[in-house]
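Please look over the sequence and the structure shown here, and then follow the explanation below through a few of the helices.

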Amino acid sequence: MTSTHPRKRPQRRSDIPRGPQQDAGLQQIRDALPPAPAPCTAAPAPRPAGDEVPPELLALVNHHCRRINAYLARAQHLHGASMSEWQRLVLYALTDALAHNHLLVGTLAAYLQRQDLDADLLRRYLQSPDPDRYITRETVQHLDGLTSAVPEEPAEPVWMTVGRHVARDGS
């Protein structure tokens, strides 16, 4: 008697590198990132540390992840446009997501520098030999806004204002 069920097929393997191969590839990309044009260092000014994550950092991650996800979704769902329209809109969305990601990573790195985290540990967390790839004047200003610092300039910088709103609104 012959079975009416098809035989199990062997599981197909993906050609996309996973695991150590992909990790090594991502590290090569991180290592190739150029230093920021005007790298900064956040001077140590540790706040009393507890075991809980400060609410302003949770709000920071939430705010930027929502923005990054919105840009990525926009890029992913562009259909039916001409090639010239598609490439323009996809690259706008992806570079906006990338800018938010750099701002988020740099602001968190600046926070950790300010908390006087060991420099080797920060490099390990950033998976980069050079934190200057991420910590810029804008990220320090963003951190200052999150932590309610007093601006040194007469007009408050834009990322400081955004940081204040993120900390105030919790997102």
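Is the crossing of α3 and α4 right-handed or left-handed? The crossing of α3 and α4 is right-handed, a crossing being right-handed if the near helix is turned clockwise from the far one by less than a right angle and left-handed if anticlockwise. This is a predicted model, in which local features need pLDDT of at least 70, side-chain atom pairs count only at pLDDT 80 or more, and totals for chains, interfaces and linings use all residues. Residues are numbered from 1 along each chain as its sequence is written, and side-chain values use heavy atoms, with hydrogens and water left out.

Helix α3 covers residues 83–114 and helix α4 residues 119–126, and the two pack at an angle of about 160° with their axes 10 Å apart. That angle makes α3 roughly antiparallel to α4 (over 145 degrees). On the α3 side the contact (heavy atoms within 4.5 Å) is made by V105, A109, L112 and Q113, and on the α4 side by L122, Y125 and L126. These residues divide into six nonpolar, one polar and no charged.

Along its own length, α3 has 32 residues that should span 46 Å at 1.5 Å a residue, and its end C-alpha atoms are 46 Å apart, which agrees. After α3 comes D116, whose phi is positive, near 65°.

α3 also packs against helix α5 (residues 137–146), at an angle of about 70° and with the axes 8 Å apart. The two helices are therefore roughly perpendicular (65 to 115 degrees), and the crossing of α3 and α5 is right-handed. Among the residues that make this contact are H102, L103 and R114 of α3 and E138, H142 and D144 of α5.

Terms used: Axes are lines fitted to C-alpha atoms, for helices over the stretch in contact, and angles run from 0 to 180 degrees between N-to-C directions. Helices (H or I, at least four residues) and strands (E, at least two) are DSSP runs, numbered from the N terminus. Angles under 35 degrees count as roughly parallel, over 145 as roughly antiparallel, 65 to 115 as roughly perpendicular and the rest as oblique. Ala, Val, Leu, Ile, Met, Phe, Trp, Tyr, Cys and Pro count as nonpolar, Asp, Glu, Lys and Arg as charged, and the others, Gly among them, as polar. The expected span of a helix is 1.5 Å times one less than its number of residues.
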